[in-house]
Amino acid sequence: EIGLTAKEFEVLELLMLNPNKVYSRENLLNIVWGYEYPGDVRTVDVHIRRLREKVEDEPASPKHIITKRGMGYYFAEG
């Protein structure tokens, strides 16, 4: 059992329900936080980092929540 915040859960759920689909920071921000969210896209990076710390065996070398350089994040099955 892993304790997640509501936003961490929403991000993880979205990524897991759409494996291998790459989401940009802006896209994740709009989908999870909403278009009117006044925060910065770096909010997404913080949530991804925290998720990796909770779900990855080695957060520095993630096997599930992957960064596609210059594009965004995706969930890799397997």
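Which helix does I48 lie in? I48 sits in helix α3, which covers residues 42–55. Helices here are DSSP runs of H or I with at least four residues, strands are runs of E with at least two, and both are numbered from the N terminus.

This is a predicted model, in which local features need pLDDT of at least 70, side-chain atom pairs count only at pLDDT 80 or more, and totals for chains, interfaces and linings use all residues. Residues are numbered from 1 along each chain as its sequence is written, and side-chain values use heavy atoms, with hydrogens and water left out.

Does the length of α3 agree or disagree with its residue count? It agrees: at 1.5 Å a residue, the 14 residues should span 20 Å, and the end C-alpha atoms are 20 Å apart. The expected span is 1.5 Å times one less than the number of residues.

I48 is buried, with a relative accessible area of 1%. Buried means under 20% relative accessible area, exposed means over 50%, and partly exposed lies in between (1.4 Å probe, protein chains only). Besides I48, the buried residues of α3 include T43, V44, D45, H47, L51 and R52.

Contact means heavy atoms within 4.5 Å. Leaving aside neighbours within four places in sequence, I48 is in contact with V11, L15, I65 and Y73. I48 and T67 are 19 residues apart in sequence, and their C-alpha atoms are 9.5 Å apart in space.

**Salt bridges**

Side chains of opposite charge can pair when their charged atoms come close. A salt bridge is a side-chain nitrogen of Lys or Arg within 4 Å of a carboxyl oxygen of Asp or Glu. The structure holds 5 salt bridges. Among them are these:

| Pair | N to O distance |
|---|---|
| E8 and K54 | 2.7 Å |
| R25 and D45 | 2.6 Å |
| R42 and D45 | 2.6 Å |

Take E8 and K54, whose side chains meet in a salt bridge. E8 lies in helix α1 and K54 in helix α3, so the pair ties together parts that are 46 residues apart in sequence. E8 is buried at 2% relative accessible area, whereas K54 is partly exposed at 34%.

Next come R25 and D45, another salt-bridged pair. R25 belongs to α2 and D45 to α3, so this pair ties together parts that are 20 residues apart in sequence. R25 is partly exposed at 29% relative accessibility. D45 is buried at 17%.

R42 also forms a salt bridge with D45. R42 and D45 both lie in α3, 3 residues apart, about one turn of the helix. R42 is partly exposed, with a relative accessible area of 48%. Shared partners join R25, R42 and D45 into one network of salt bridges.

**α2 against α3**

Two packed helices are described by the angle between their axes and the distance between the axes. The axes of α2 and α3 come within 9 Å and cross at roughly 85°. That makes α2 roughly perpendicular to α3, a label for angles of 65 to 115 degrees; under 35 counts as roughly parallel, over 145 as roughly antiparallel, and the rest as oblique. Axes are lines fitted to C-alpha atoms, for helices over the stretch in contact, with angles from 0 to 180 degrees between N-to-C directions.

From α2, the contact uses R25, L28, L29 and W33; from α3, it uses R42, T43, V44, D45 and H47.
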